[in-house]
Amino acid sequence: MARSLSYSDAVKLLGGDSKIVATLDTVLGGALLAATTVNPNFILSLFDAKGELARVSGELVKNLRDKVNGLGRFDRTERLQAAHTIVILTAFFEAVADTGLPDPGLDRSEQVALATGEAAGSHSLKTATRGILHLDVPGIAPHRPYEKSIRGLRDYYGGLSEYLADFLTGLALWDSLDETGRDRFIRILSDDVPDRAVRRYEESLRRLAGEFPEVAYWINLTDHQATRNELRSGLAGLERLITDIRTGRLPDERRAALAREYRAELKRSVLRSGDVPDGLRIPSLGEAYIDHRFRVSGLGQTAQPDQEGWWDDRPVRVDLYEYLAGHLTSPDAVQRPLLLLGQPGSGKSVLTKILAARLPASDFLVVRVVLREVPADTDVQTQIELAVRAATGERLTWPDLARSADGALPLVLLDGFDEFLQATGVSQSDYLEKLVRFQEREADQGRPVAVLVTSRTAVADRVRVPAEGAVAVRLEPFDGEQVGRWLEVWNDANAAYFAERGLRPLAAAALTHRELAEQPLLLMMLALYDADGNALQSESGRLDRAELYERLLIRFAEREVAKSGASLDERQQHRAVEEELLRLSVTAFAMFNRGRQWVIEDELNADLKALLGDDGGATGRYAPLTSAQTVVGRFFFVHQAQALRDQVRLTTCEFLHATFGEYLIARLIVDELARLADDAARDTRRARQTAPEDDFLYALLSFTPLSIRRPTVDFLQSMWGRRLDDDAVLELLLTYFHTALDSRAHDRHAEYAPIRLSVPARHATYAANLVTLLAVAGDPIAASALFPSATFPVKDWHALALLWRSQLTDEAFFSLAETLCLERVWRQDDERDLHVTFGAPMLYPADPTWLSGGPTGLMRFEEIQLETVFTCGVPGATLLHAAEGLGPRVGMFTVFRKTDISPSVAHLLTRLLALTASPETPDADLIDCYADCLKAADAWKDVSVFRMVFRQLALDAERLPREWLMQVATHFGEMVRSDPQLAAYAKRAFAGLGLPPASLADRP
């Protein structure tokens, strides 16, 4: 919530010590000047001077343009904020004046009491008040929709009216009114005045906004419908708008030098030249930037801006330059930082470059701080000063630079908070709070400053929202219209290149895999790929996602290999390309096995050495060791985050789109399985029957279940049939699974340890991944094949599942359970088995007798209790808690129909309770359930169960057929007559059936 001006402060800003202030003070009986000593939020018109107050307030706003001419950016904002405050309050004064309510005849002491809450002399107040001056005025919030602001203002006016009504009920005027007069008084104040005030406010606001456009942008009073279909580029609209309202002051040389450096960015290519084929022209920043769609929201203490669902009810907006104009010219800009969020490659950094280039130096002193290039362990002021030196070559202190602004508003753009957060690992949860304190200090020193900070959306949860609140803007992915506009720019820039080579321009229709085109930098990658012989267009519609990723990555790897300048034959080139992709795949595993979307350079170096380095155990088939910096620096779709700490540059990397890593993981698994199958085939020809060592596969797959990243499993399924010999690979996977839980005598990649994990957890994870791969292969894999020596393989599966449950995280375990589908089957030898496939799980009704082999294999209730208590499992304890009151009946199972499930007595009783509680239960279902319960009680000769059933039967007798009740009475007559309690229930249940005198119904 932006801080508001008090009414008295607003008056002084617009009138100074002029006669207007003196006139208002006279009108208000001295309350205005007196109020300044208590720092009021506003002052209210008194009934006996309402017309004069409204008139004089109007004079303050009149000729406002003359009052703001020649002022600096922030001073202009303050004057306009003051005018807006007066517009809000004057609308209320005028609304009260329009009602025709009687003048309450307040004396001076009552006026002071109403205004300040402080009694002065004798007055007719019945109760003490805290003073209307202390109520809050709605602040300006550019992120809030206009309609919501108006609703809030209506509530505010309603609060003023309620406060005024409460005050006036303590005056003599109230006592003089009859009941009808009082009702009319309250109705007018509570209903008419707020509505009138809103209408007055909107009339005055439109006049003010018409003369001063920034006011319209503060409160979203713009014609969005007129611009909704207008796609704009380069934030040129922001530059035009700010230029139209600029103060007209010329910047000094230091500010001009910064502005020149940032302005030059507009003419520079958006991509480094080394990534571009000869003759292809990459559009400049000013040409290529397409204004983003975005969502914006205030952040409270419970906000979750890192969660996709949290943003769902925030509308997508297209008026980016209007919003930024409103924010940067509003009072809110100097009170708290603006948090700009987006995915990697979404254009956050580019947006800060555009802002720095577009904002006119006459009104803004912009300093863009690339956080990766300044020390992460220093304060904001030092980071700003280092950025200024990097941009201009001059050493300037921040206070000197800020004081030289000469009316321009300093704006600090901090780009890449997430980079030094993940690169350094240093906790920065209070980063926004530090920025708020920095802004407060600068404001106290007379150097108000606006701040914008960018970050990846995924790390927004690691930043604590300041108590003052915050505002976040999230950049949205490109839609079809934006993709089309970007391609127009690309095709125009390269028309000559395409014509010379006989290529077709790239059309949006050719982009069948839109998840890549949604991010600007990845869209650039697709365009570069297609520029090489129209590769994308010629394959459009014929490639699934895995094939597209394969060709994209190979094409870019080939380009990197070609840059080396080495003369390679076709085989050597193929090997070099595979080596590049192997390193990238290890990079993907480095992130995956650490449970992150990024990896630190030192971690990656360690992984490359442990997995690919030839240091005594490697087979020699892998590429020579290459540093992580070289690996990730070759591909622009791998984003490097950097930060400086203790004069050391720290680097992390991540893929611009997570699916690149997910594909590379699947690719390396498939390649390794193909290699192992080839080795196994060669060994077979050499009469060697042992399977090839799976050390490399174990190293990759023993830390994190593949199911936790479903796109990886989908890629595996897509690639399987095209690249693997199913029978050979399945045989190998089964061989590895049969020994997956055995100790490993020798591990050539023992140094590979992306996370700390126990030996049981690693073995369990490896087994889970092998089963996942077997399921992905296609045909169902039987539990009897997984456990060939087991008498009852379902029991072995149960033991393995318990191992997974104990060793995997909750997220990992449930991802596995949701990936593998278990089907219960009967083999030809009438034994039970399980078929495991890839797909949605089949949820069977609980059938313990199938799992145990019959009632004799079931656990006694005491054993169930003991296992639940001993294992401390939440699911078991939860179910036992639900059934505990039924005691031993939990384990009493009965077979009395030819069904697949033999129900327990506890199951039947709870089902009966559920069915009888619902009036919609069909009579046939209810009768069947009663019959089952009675048969089970009879089979187990459990009198207490009979009592429970007959007690419920007495309540439901009217719902049941007479003939059926007669059958029950006859069949169980002897049992009932032997138990007084049963007889009592039966008498109520069978009343009116006309049973003979000797029957159970006649029993007392």
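The structure is a predicted model, in which local features need pLDDT of at least 70 and side-chain atom pairs count only at pLDDT 80 or more, whereas totals for chains, interfaces and linings use all residues. Residues are numbered from 1 along each chain as its sequence is written, and side-chain values use heavy atoms, with hydrogens and water left out.

Arg254 forms a salt bridge with Asp252, a salt bridge being a side-chain nitrogen of Lys or Arg within 4 Å of a carboxyl oxygen of Asp or Glu. In this pair the closest N and O atoms are 3.5 Å apart. Asp252 likewise counts as partly exposed, because its relative accessible area is 22%.

A further salt bridge joins Arg709 to Glu662, with 3.0 Å between the closest N and O atoms. The two residues belong to distant parts of the chain, 47 residues apart: Arg709 is in the loop between α32 (695–701) and α33 (710–723), and Glu662 is in helix α31 (residues 658–685). Helices (H or I, at least four residues) and strands (E, at least two) are DSSP runs, numbered from the N terminus. Arg709 is classed as buried because its relative accessible area is 15%, and Glu662 is classed as buried because the corresponding value is 6%.

Glu214 and Arg73 also form a salt bridge, in which the closest N and O atoms are 3.3 Å apart. This pair links distant parts of the chain, with Glu214 in helix α11 (residues 213–218) and Arg73 in helix α6 (residues 73–98), 141 residues apart. Glu214 counts as buried because its relative accessibility is 1%; Arg73 is buried, with a relative accessible area of 0%. Elsewhere, Arg295, Glu308, Arg474 and Glu476 are linked in a network of salt bridges. The structure holds 47 salt bridges.

Two serine residues were also examined. Ser190 is placed in helix α10 (residues 179–211) and counts as partly exposed because its relative accessibility is 34%. A polar atom of the Ser190 side chain lies 3.4 Å from the backbone oxygen of Arg187. Ser190 is 27 residues from Tyr163 in sequence, and the C-alpha atoms of the two residues are 9.9 Å apart in space.

Ser455 lies in strand β5 (residues 450–456). Ser455 counts as buried because its relative accessibility is 1%. When residues up to four places away in sequence are not counted, Ser455 touches Leu339, Leu340, Leu341, Gly342, Lys348, Phe417 and Asp418, contact meaning heavy atoms within 4.5 Å.

For the protein as a whole, there are 47 helices and 12 strands. Of its 1004 residues, 54% count as buried. Among contacts between residues at least 6 apart in sequence, 73% join residues at least 24 apart. The protein exposes about 44,000 Å², of which carbon and sulfur atoms supply 50%; accessible areas come from the Shrake-Rupley method with a 1.4 Å probe, and for residues only the protein chains shown count as cover.

Note on methods
Buried means under 20% relative accessible area, exposed over 50%, partly exposed in between (1.4 Å probe, protein chains only). A polar contact is a pair of N or O atoms within 3.5 Å; within protein, one must be able to donate a hydrogen and the other to accept it, and residues adjacent in sequence count only if both atoms are side-chain atoms.
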